Amino acid sequence: MPVETIIGAWVATGLTLFIFSFLYKDNPLFKLAENLYVGVSVGYTIVKTYDTVIVHLIWKPIVENGEWALLIPVAIGTLMLTRYVPKAAWLSRYAFAFIVGVGSGLAIPRVISSYILKQIEDTVRPLMVMVPGEGLTFTMNLLNPASSLNTIIILIGVSSVLFYFFFSVEHTGPGKAVARTGILFLMIAFGAAFGYTVMARMSLLIGRLTDLIEFTDPSYGRPSLWLLGLTILTLVVMGRRRPQGEPPEPH
Amino acid sequence: MIFLRRQVPLLITLITGLVFAAQYYVPHPASEQMLTSVTKWLQIIGGFALVLGVSSLFHVHAMKIRRKEAGWGYSFVLYVSMLGTIAVGLWSNGKEAIDGTMTAFGWIYNFMMVPLQGTMFAILAFFIASAAYRSFRARSREAAVLLIAAVIVMMGRVPLGEYLIPLSGDLSQWILNVLNASVRRAILIGVSLGTVALSIKIIFGMERSYLGGGKE
């Protein structure tokens with residue numbers, strides 16, 4: 001096995017255990033791993049942005065293809081950095097105005113088309129569908145999201161939730177019933193989102209535990225076992241060393 | 001001077017906003033080319049925005065180290081790891097692998113960033129479970145509905161759940177594809193209406209908070 005993989009296994013195991021040590025309590029090992037994570041992530045983002053923006057979007061197109069027009073966004077981007085010069089800070093407004101203006105202009109027709117009209121079109125669908133050999137049919141299959149029954153449920157759900165968030169009308173009488181239906185739909189969706197998130201996190205947890213189990217292999221030098229012992233020992237020693245000036249715990 | 005500081009930015013927003021809103025309705029190659037170019041331009045300008053954010057992080061931690069504030073050692077670790085990753089990344093030309101061979105930058109990604117990121121999100125599973133235990137007691141009808149939906153979705157996504165409650169798989173799919181989809185659609189429509197309204201206000205200068213405060 002390559003040396004860099006073995007060293008990598010030890011580093012990955014150590015960092016994983018340091019983060020997991022937070023489940024016991026907040027401790028210096030966790031803080032070390034946490035700050036290392038922020039540092040490495042920011043460093044990685046900087047390198048990737050440099051490679052994508054400076055090298056591939058600016059340097060190569062200008063030098064290799066002579067796309068001199070790209071100096072315009074470079075100039076606009078540079079205006080952003082005038083924030084550091086108090087007297088010229090107002091120039092950064094030009095850059096923000098350009099970004100916000102373009103973003104708003106692009107958003108209006110696209111949002112109306114994709115997120116409003118298309119969503120309404122998918123919500124208000126024909127209740128009867130043409131089935132070959134059977135003619136017009138009302139389908140009751142709940143497992144098919146496009147069935148007639150589900151079309152009615154989706155229509156009720158969308159309308160009631162929209163009504164719940166429509167505060168220009170007081171939610172009394174029949175309106176109260178519609179708003180309460182909207183709340184029920186919202187609660188189901190929040191529950192589903194919660195359940196889905198928990199299972200996604202569980203999947204990550206299983207992935208980390210699988211790695212830890214793999215790294216108990218002798219070919220890696222059993223880093224999981226050694227570092228687990230070391231982490232526990234460190235936590236015990238740190239737990240016994242009371243900071244100076246801290247009063248003893250009451251019995 | 002007020003014209004340059006206040007009116008010109010508003011004018012830039014108005015013109016760019018109207019031009020790029022109109023671009024959608026002009027099916028001409030030149031119009032498409034303009035969209036492609038401006039998308040690239042926005043990526044480039046976004047890169048400069050990163051400089052603003054990162055320099056702020058640099059400044060905060062540099063001050064902590066200089067003043068030797070509590071926990072300055074962790075700031076030092078952050079600094080060293082960040083500068084180390086940048087140095088290694090530039091040395092590897094920003095590539096994780098070259099001709100199938102892992103670079104030093106790829107090593108940092110595979111053996112430091114992936115485990116740290118995965119574990120950081122994985123421990124959230126414990127905190128979510130603990131928070132759920134404390135807050136998910138079915139105190140009202142709505143809370144009970146939320147709890148039941150969550151349990152069904154969780155059961156429906158693992159083989160053990162489907163084994164214990166055979167219907168949970170289908171029920172989970174129905175909740176996600178129909179009930180959850182209808183709520184997401186309603187929220188999306190509401191958010192989109194808000195986005196359009198805000199965009200119109202920005203283009204016509206009624207919303208100016210993006211220009212920031214300071215002198216006129």
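Helices and strands are taken here as DSSP runs, a helix having at least four residues and a strand at least two, numbered from the N terminus. In these terms N93(B) lies in the loop between α3 and β1 (97-98) of chain B. The model is a predicted one, and in it phi of N93(B) is near 60 degrees, a positive value in a residue other than glycine. Because 12 other C-beta atoms lie within 10 Å of its own, and a residue is exposed if 12 or fewer do so, N93(B) is exposed. Another positive phi, near 55 degrees, is found at K68(B), likewise a residue other than glycine. K68(B) is placed in the loop between α2 (29-66) and α3 of chain B and counts as exposed, with 8 C-beta neighbours inside 10 Å.

The contact between the chains takes 99 residues from chain A and 97 residues from chain B. On the side of chain A that touches chain B, two or more residues are given by each of α1 (3-20), α2 (28-65), α3 (71-80), α4 (92-123), α5 (148-164) and α6 (174-214) of chain A. The most is given by α4(A), with 23 residues. Sorted by class, this side of chain A has 70 nonpolar, 20 polar and 9 charged residues.

The largest nonpolar core has 31 residues, of which L15(A), F18(A), I19(A), A33(A), V40(A), M112(B) and L116(B) touch the most other members. The elements giving two or more residues to this core are α1 and α2 of chain A together with α3 (72-91) and α4 (104-135) of chain B, and the largest share, 10 residues, comes from α2(A). A second, separate core, of 27 residues, includes V158(A) and F194(A) as well as A150(B) and V153(B).

Within chain A, the axes of α1(A) and α2(A) come within 7 Å and cross at roughly 120 degrees, which makes α1(A) oblique to α2(A). The crossing of these two helices, α1(A) and α2(A), is left-handed. In their contact, L15(A), F18(A) and I19(A) of α1(A) meet L29(A), F30(A), L32(A) and A33(A) of α2(A), and by class the contact of α1(A) with α2(A) has 7 nonpolar, no polar and no charged residues.

The axes of α1(A) and helix α7 (residues 223-240) of chain A, in turn, come within 9 Å and cross at roughly 40 degrees, so that α1(A) is oblique to α7(A) as well. The crossing of α1(A) and α7(A) is right-handed. To this contact α1(A) brings A9(A), W10(A), T13(A), G14(A), L17(A) and F18(A), while α7(A) brings P223(A), S224(A), L227(A), L228(A) and T231(A). By class, the contact of α1(A) with α7(A) has 7 nonpolar, 4 polar and no charged residues. F18(A) itself, when residues up to four places away in sequence are not counted, touches L29(A), F30(A), L32(A), A33(A) and T231(A).

Helix α7 of chain A also holds L233(A), a residue that is exposed, with 10 other C-beta atoms within 10 Å. The C-alpha atoms of L233(A) and F98(A), residues that are 135 places apart along the chain, are separated by 57 Å.

How values were computed. Residues are numbered from 1 along each chain as its sequence is written. Chains are lettered from A and ligands numbered from 1 in the order in which they are written. This is a predicted model: local features need pLDDT of at least 70, side-chain atom pairs count only at pLDDT 80 or more; totals for chains, interfaces and linings use all residues. Two residues are in contact if their C-beta atoms, placed from the backbone, lie within 7 Å. Ala, Val, Leu, Ile, Met, Phe, Trp, Tyr, Cys and Pro count as nonpolar, Asp, Glu, Lys and Arg as charged, and the others, Gly among them, as polar. A nonpolar core is a set of buried Ala, Val, Leu, Ile, Met, Phe, Trp, Tyr and Cys residues joined through C-beta atoms within 7 Å. A residue is buried if 20 or more other C-beta atoms lie within 10 Å of its own, exposed if 12 or fewer, and partly exposed in between; C-beta atoms are placed from the backbone. Axes are lines fitted to C-alpha atoms, for helices over the stretch in contact, and angles run from 0 to 180 degrees between N-to-C directions. Angles under 35 degrees count as roughly parallel, over 145 as roughly antiparallel, 65 to 115 as roughly perpendicular and the rest as oblique. A crossing is left-handed if the near helix is turned anticlockwise from the far one by less than a right angle, and right-handed if clockwise.
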